[in-house]
Amino acid sequence: MLHAARRRTTPLSARFAAAFFSAKPEPQPPPLSPRLVEASVSRCPSDALAVSFFLWCARRPAYFHPPSSFDCVLPAATRLASRLRTAPALLHELQSLGCPIRPHTFLLLLRLYWRGGMYPLVLHLFEQMPLWGFHHNAFARNVVLDVLFRTGCVDDALRFLGDNPSPNYLTYAIVLTHLCRAGDWSGVRACFTAMLRQGFLPSAASLAPVFACCSKAGTMHELLQLLSYALVSGQQLTSAMWTCLIARMCTEGRLDEACRMLGNMMRSGSSPTVVTYTPLIRGLFLAGRHDKVSELLGSMASNSCNPDLVLYNVLMDCMMREKRYDEAIDIYLHLHGSQMKPDAYTLSTLVQVLQLSRNIDLLPRLILGTKISYDLVACNSVLSALCKSGFPSEALQFYIDMIGLGITPDSYSYVGLVDSLCELGRIDHAINVYHNVVTSNPDSDAYVHAAILRGLVRRGQNHMAYRIFREAVRQNYALDVVCYTTVLHGLFRARLVEEARDLFDKMKDSGITSNTCTYNVMLRGLCRTRDMLAVTQLLTEMECADVQMDSISFNVLVVLLVKSQRISSAKALIREMLNLGMKLSTKTCWLISQSIGHRFVLEDTTIAESEGSDSTSDLLVCSAS
């Protein structure tokens with residue numbers, strides 16, 4: 001009965017059945033993947049199509065672009081923005097290709113151009129959102145906030161933060177990051193407090209830069225408050241946080257507390273790094289606690305914590321201060337053995353060690369006798385050390401070897417080359433090098449111009465220095481106070497007093513501010529002319545410019561007064577000079593003893609000057625500063 005009750009269906013025709021069973025399902029398109037998207041973007045015939053396809057993929061359900069896809073489409077997006085120039089033109093171009101302009105479109109474009117560093121376009125896109133009927137969400141506001149900080153518009157960024165109706169955790173994290181980088185501790189403190197009031201608890205990643213900023217710019221009390229907050233809130237102190245605490249304690253001379261802090265750090269399970277040990281070792285070394293230094297170095301070795309270049313520099317400096325010169329040299333040799341590249345500080349310390357130990361002849365062998373590979377920065381440091389230590393031939397050969405290694409020189413390299421050629425008396429070669437450099441790069445900084453001027457004046461080529469300087473002024477090259485001071489010094493040495501006065505007036509008219517060294521050169525030159533009125537006017541000008549007289553200024557004036565037989569005025573000036581803690585030079589003492597029959601005994605003659613050396617060494621000091 002059941003079979004009888006079942007309704008029979010109409011049988012299919014043979015033709016329809018054959019068509020039904022022979023039909024195949026249409027192939028499904030392959031699922032989207034970053035690899036497929038990036039390959040398609042790279043093959044797009046136009047930049048606009050590439051960006052449009054990128055946005056189309058982002059609209060697919062449950063698909064999100066990874067950072068690699070943003071990087072892949074960024075060149076096409078950059079070219080498109082450069083061609084269209086404005087945000088409205090970009091949006092209309094995409095719309096003409098069938099790309100709907102929605103809030104999601106704006107957010108993707110903001111993220112894309114933010115990632116590409118095209119910050120003006122990011123700000124313009126942000127301004128366009130309300131014009132298309134869309135509201136700014138938290139992500140868009142955070143992007144603009146970051147852009148304002150990155151472009152140096154700190155005040156605008158803080159105002160933008162104040163106008164934000166709903167800041168989130170990322171908002172405060174962005175502000176904290178940028179203010180910490182700028183070292184603005186007061187701003188960091190205010191932002192951190194506001195963040196806590198909003199109920200946002202900073203993560204360890206956000207808290208670490210706050211510790212670093214506070215350790216450098218805040219008070220010790222504030223740093224300990226941060227530590228208390230981290231412990232109470234259950235934060236796990238990172239190695240960087242411990243390091244900030246230890247470094248600050250060392251800076252304030254609280255070495256025992258710093259050592260106890262190091263112990264607490266290790267007991268908490270956090271491993272100290274070489275950055276943690278360095279301030280402790282330096283502080284203990286300077287305090288004379290060598291046994292504790294040895295203990296810390298042993299702890300480093302047992303924990304497989306290898307020294308870095310900064311620690312090697314600190315150890316060399318400490319050894320030099322204690323006059324343990326052989327050990328300082330051993331540290332330098334050990335640094336070379338570890339294949340580390342010495343920096344300018346390393347080489348400067350090495351030069352001081354060799355000079356104090358009277359072994360400066362070892363410098364070329366210590367620097368050049370190793371097979372370490374130098375980069376450009378290290379090469380420039382080597383060149384500078386060789387030049388300043390009186391090894392121009394070795395410096396010149398090192399420059400030639402540097403070029404042979406394929407290292408492209410920069411302005412500092414050329415300065416080393418020019419210094420070496422001038423010291424060797426190869427003036428024509430030095431001038432040719434200088435002309436080639438400024439011709440190929442008219443924007444060369446003042447350091448390059450000062451090098452040739454200084455070298456020529458040292459070799460007595462004062463007229464040549466003046467001609468090169470006038471040509472540099474005519475070409476509107478970048479000249480600074482060191483260049484002017486060097487040429488003034490050369491003009492006085494050449495007895496071209498009127499030209500020096502004229503140049504000094506032109507220097508002031510050009511807006512370049514004179515420093516103490518400049519006034520000393522003018523003072524010495526005018527004192528030699530015995531022009532008391534000009535000297536008085538210059539001293540008045542120094543006082544109005546709030547330029548303090550140094551020991552060189554006082555010695556020059558004392559010599560003038562003694563030579564002018566104004567002994568009582570000279571004695572009064574000497575008393576004032578000694579009250580200020582300054583010392584008389586050997587030349588000044590000799591003149592006074594010859595004039596009034598009194599022998600001056602100096603404790604320190606390091607500022608002694610002579611007619612032969614004149615003020616060239618003083619100029620070098622100014623150039624270095």
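Q: Does H19 pass H20 in a left-handed or a right-handed crossing?

A: A crossing is called left-handed if the near helix is turned anticlockwise from the far one by less than a right angle, and right-handed if clockwise; here H19 passes H20 in a left-handed crossing. This is a predicted model, in which local features need pLDDT of at least 70 and side-chain atom pairs count only at pLDDT 80 or more, while totals for chains, interfaces and linings use all residues. Residues are numbered from 1 along each chain as its sequence is written, and side-chain values use heavy atoms, with hydrogens and water left out.

Q: At what angle do helix H19 and helix H20 pack, and how far apart are their axes?

A: Helices are DSSP runs (H or I, at least four residues; strands are E, at least two) numbered from the N terminus, and axes are lines fitted to C-alpha atoms, for helices over the stretch in contact, with angles from 0 to 180 degrees between N-to-C directions. H19 (residues 309-321) and H20 (residues 325-337) pack at about 165 degrees with their axes 8 Å apart, and the two are therefore roughly antiparallel to each other (over 145 degrees; under 35 is roughly parallel, 65 to 115 roughly perpendicular, the rest oblique).

Q: Which residues of H19 and H20 meet?

A: With contact taken as heavy atoms within 4.5 Å, Leu309, Tyr312, Leu315, Met316, Met319 and Met320 in H19 meet Tyr325, Glu327, Ala328, Ile331, Tyr332, His334 and Leu335 in H20. By class, this contact has 11 nonpolar, 1 polar and 1 charged residues, where Ala, Val, Leu, Ile, Met, Phe, Trp, Tyr, Cys and Pro count as nonpolar, Asp, Glu, Lys and Arg as charged, and the others, Gly among them, as polar.

Q: How do helix H16 and helix H17 pack, and which residues make the contact?

A: H16 (residues 255-267) and H17 (residues 274-286) pack at about 155 degrees with axes 10 Å apart, and H16 passes H17 in a left-handed crossing. Leu255, Ala258, Cys259, Leu262, Met265 and Met266 of H16 make the contact with Thr276, Tyr277, Leu280, Gly283 and Leu284 of H17, a set of 9 nonpolar, 2 polar and no charged residues.

Q: How many disulfides does a search of the whole structure find?

A: Taking a disulfide as a pair of cysteine sulfur atoms within 2.5 Å, the search finds 0. For Cys213, the nearest cysteine sulfur, that of Cys180, is 4.8 Å away; Cys213 is buried, with a relative accessible area of 4% (buried is under 20%, exposed over 50%, partly exposed in between, with a 1.4 Å probe and protein chains only).
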